[in-house]
Amino acid sequence: MKPTRPVIPMSDVSAKITPRDIAPTVLPDDFLDSEVARAARAFQLPAFDELPDLPLYREQVIAYIEQVLSPLADASDGPWLTPSMINNYVKTGLVPAPQKKLYRREQIARLIIICIFKQFLPIPAIKRMLRIQAVSYPVAVAFDYVGVELSQAVRAAFSASAPTPPDTASVVTRESLLVRSAVAAFTSKAFLLTYLRFTGFER
C-alpha cells in the first residue's frame, strides 16, 4: 500500500490573494511603446558646434545641460549638475576655470561628458579618461564622437529589434574602445532604471 502524502492545510491567518497579485506584469513591448521610451529614442546629444556659442553663467549652464539630458533623466541618481559640483570639478582640474564667471563651449562640452560618465565611473577614472582624450584628439572631435556613439546606442537599446550599431570611428583605437565601453555602460544603466521606473520601481 502506497503511503499517502501529508496534506498541509492553508493557514486561516495567511494573507488573501488580491487581483494585484495576479495582475500581468508589464511586458517589454508595452515599455518600448511608451512615451518615455520614445523620448529616449529621440535623444540626440548636440554636436560641439551646436553648443551655446555665447558664454553662459553657471546657472545657465546647469539649465542647459539639464534640458539636453532630460530624456535620460532616470539614468541619473540625482540632479545632473549643481553649482557645488561645478565648483568641485573646477577645483580638481576636470573643467577649466570660468573667465569672469562665464563658461564657454569647451567647458560646457566637458561638463556634459562628466555628467554622463559620473553615473557609473568614479571621478578619478573620469579624470584619467579625459587626460587620454586631451593628448589624443581635439575637444570638438572627442565630444562629437561620444555624442554620435551615445545617441546610436540609446536608440538601439530603447528599440525592439535594432541591431548593435557599428563603431563610427574611422580607425578603431584604444581611445575609441574606451568610449564605446563607457557609452555601453551608461546606456545599460539608462535602460534598466527607466524600465524599472516605468514598471513602478521607486528609488
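A salt bridge here is a side-chain nitrogen of Lys or Arg within 4 Å of a carboxyl oxygen of Asp or Glu. The model is predicted: local features need pLDDT of at least 70, side-chain atom pairs count only at pLDDT 80 or more, and totals for chains, interfaces and linings use all residues. Residues are numbered from 1 along each chain as its sequence is written, and side-chain values use heavy atoms, with hydrogens and water left out.

**View 1. Salt bridge between Glu 149 and Arg 180.** The closest N and O atoms of Glu 149 and Arg 180 are 2.8 Å apart. The pair links distant parts of the chain: Glu 149 sits in helix 7 (residues 139-157) and Arg 180 in helix 8, 31 residues apart. Helices (H or I, at least four residues) and strands (E, at least two) are DSSP runs, numbered from the N terminus. Glu 149 is buried, at 3% relative accessible area. Arg 180 is partly exposed, at 25%. Buried means under 20% relative accessible area, exposed over 50%, and partly exposed in between (1.4 Å probe, protein chains only).

**View 2. Salt bridge between Asp 53 and Arg 105.** The closest N and O atoms are 3.4 Å apart. Asp 53 lies in the loop between helix 2 and strand 1 (56-57), Arg 105 in helix 5 (residues 105-117), and 52 residues separate them. Asp 53 is exposed, with a relative accessible area of 64%. Arg 105 is buried, at 19%.

**View 3. Salt bridge between Arg 38 and Glu 35.** Here the closest N and O atoms are 3.0 Å apart. Both residues belong to helix 2 (residues 35-41); they are three residues apart, so about one helical turn separates them. Arg 38 is partly exposed at 39% relative accessibility. Glu 35 is exposed at 55%. The whole structure holds five salt bridges.

**View 4. Aromatic pair of Trp 80 and Phe 186.** Rings of Phe, Tyr and Trp (its six-membered ring) pair if their centres lie within 6.5 Å; planes under 30 degrees apart count as stacked, over 60 as edge-to-face and the rest as tilted. By this rule there are nine aromatic pairs. The ring centres of Trp 80 and Phe 186 are 6.4 Å apart and their planes stand at 45°, so this pair is tilted. Trp 80 is in the loop between helix 3 (58-69) and helix 4 (83-91), while Phe 186 is in helix 8 (residues 174-198), 106 residues apart. Both Trp 80 and Phe 186 are buried.

**View 5. Aromatic cluster.** Phe 31, Phe 158, Phe 191, Tyr 195 and Phe 198 form one cluster.
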